[in-house]
Amino acid sequence: MESSDSRRFAFIPVGSSHFHRISRIITIGCGVACCGFIALSSLQAQETPVPSPPPINAEIDPGQADLDEAVLKRIDAETNRDLEAVAALIESALAKGLSEENDAFARKMLGSVQLQRGQGLAAAIIRLRGRQQLQAKTEAAEALSEAVKHDPELAEAHMLIAQLNLLPDGDTEQIKKSTTAAIKLYEDNPQEQSKAYLLRAVTHTDVEEKLKDLKSAIKADPKNTGALRERAGALLQKGDVDGAVKDLQAVLELDPTNQQIAQATVQQLVDLDRADEAVELLGKTIAASPSEGLYRLRAILYRMLGKEDDAFADLNKALAMQPRDPISLLQRAEIALGRDDVKSAKRDLKAATDIAPQVEQIDQAIIVRCFIAIEEGRMADAINDMQILIERNPNDTFRQIQLASLYLQDDRPRKAIETLTGVLATEPNNASVLRSRADAYLAVGEHINAIADYEKALSSIDNDDNEENQRILSGILNNLAWVLATSPQDDVRNGERAVELGKRAVELTEEQEAHILSTLAAGYAESGDFENAILWSEKAVEQGAAEDNEQLDQLKKELESYRRNEPWREKQETEENQLPILAPEDLIDT
């Protein structure tokens, strides 16, 4: 029995319509929020150029002395207090009066001083808490406001004002105003202009407006990964998944070590049924920066593509880098079970639970434990584990069908019927469940009920192109044809319909399944056409021998019956297993 337990890589879309959420700027666009505080911490270290003073002319400049002192103090100013003193002297000089040239110089200088104060205070916000943080934010905003008041061409000040307003309780309109000013001032600096476009983009609630700014940001700087991430989120909002994936792939081309983006892109590609592209993308990311997590992620993709050997190799690499990773161990145990290597599966399961005992309670570990029990013939243990999984997710139809199958293997067909009847109460047309209950009815000899379920299952998927339904169609056709051809109950058999259904099943399986060839033979025998019955029965025996079919002896007996011109009759009646199923605390430790 195969587990179809599949893994998804969480992906959080971009695009809050409420400003108060901007400050935590989304997974794809996290670079925007980060860029604010990166700027806040790095701008402090930047040297703000000090304009050179004009020639001294104290006679016509009453404020000249204060301005001269400010220039001298500015050279050695380091702390916020030092800068405040310089600003006070410049403001005093302006108030006393300066010539036109000195006035322009003083204002430029005051703008640069207030910018430096704002940068220092903004950088301190990260380190402070509570009232001190709020005070630093307020003072930084005031200093930057003064900076652009005295020197409107300070693009850095406009950008820092915008970044401060990304914080909680910020002003969206101020962000737009400041970034718009910065965009104009950065006309000759495309990289900085790109950052300004990106910052303005996150304030837009309208996705088209946001995309317009992001397009401008990427045009100004095609290597702006933050803008590419943000546009991917906006495109997802519009439902353009292909466009979003293209942008995320572009990010990885520029930054192949970005595991967060790699995982997000992989998830999108998987959702688009483009797992091969996801594997190729992960290969580039791993080549740039190998990691245990990326090897494990690629192993999952390989398993989705049916490449178990490649998955096994990647899990070995993941465990070589991180030997104490219980999840990789559990995945490797699942592959070992698929190879019928129960010993290795048990070893990996034990290693995983020894490393992290709590892992024993996660679904993946329970699934591995359950299938180990199945392989070892401990059906009661397997049933208990499957019941645990169903209790956690009562709506998991696949697990319900698996539990019913375990009941059948443990000779408890009526428990299987009970389980599947419960599922059909809410999913009356589920073909898989109807087929499974019909099989259980056959096991207890209730052929009329079995036929009713097979017919209903067939009518629900007969014209359905769904891949999963097509996969089970041949089984439904075969089992229905078999009971119509071989039931001991005269009012149940219908040889003509059995042949019709049997032919379809043979065609769907391309004459490669011995038991289905046998069913068509039984249909012909029931119809009295023993020539065709013998022909198809011989093919069934030949195919059974080629595939070492465990029912080969029965296939030979059926052929002998048809050579005697006798149709085959079969009524299976399983004696219900009455032994109690062990409680979880009594399970055998695997």
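In the predicted model, helix α26 meets helix α27 through A514, L517, S518, L520, A521, Y524 and A525, which face F530, N532, A533, W536, S537, K539, A540, Q543 and G544 of α27; contact denotes heavy atoms within 4.5 Å. The residues of this contact comprise 10 nonpolar, five polar and one charged, where Ala, Val, Leu, Ile, Met, Phe, Trp, Tyr, Cys and Pro count as nonpolar, Asp, Glu, Lys and Arg as charged, and the others, Gly among them, as polar. Residues are numbered from 1 along each chain as its sequence is written. The model being a prediction, local features need pLDDT of at least 70 and side-chain atom pairs count only at pLDDT 80 or more, while totals for chains, interfaces and linings use all residues; side-chain values use heavy atoms, without hydrogens and water.

Helix α26 spans residues 514–526 and α27 residues 530–546, and the two pack at about 165° with axes 8 Å apart. The two helices are therefore roughly antiparallel (over 145 degrees), and their crossing is left-handed, the near helix being turned anticlockwise from the far one by less than a right angle.

A second pair is formed by α4 (residues 100–125) and α5 (residues 130–150), which pack at an angle of about 160° with axes 7 Å apart. Helices α4 and α5 are therefore also roughly antiparallel to each other, and α4 passes α5 in a left-handed crossing. Among the residues making this contact are R107, L110 and R117 of α4 and K137, E139 and H150 of α5. By class, the contact of α4 with α5 holds 10 nonpolar, five polar and five charged residues.

Conventions:
Axes are lines fitted to C-alpha atoms, for helices over the stretch in contact, and angles run from 0 to 180 degrees between N-to-C directions. Helices (H or I, at least four residues) and strands (E, at least two) are DSSP runs, numbered from the N terminus. Angles under 35 degrees count as roughly parallel, over 145 as roughly antiparallel, 65 to 115 as roughly perpendicular and the rest as oblique.
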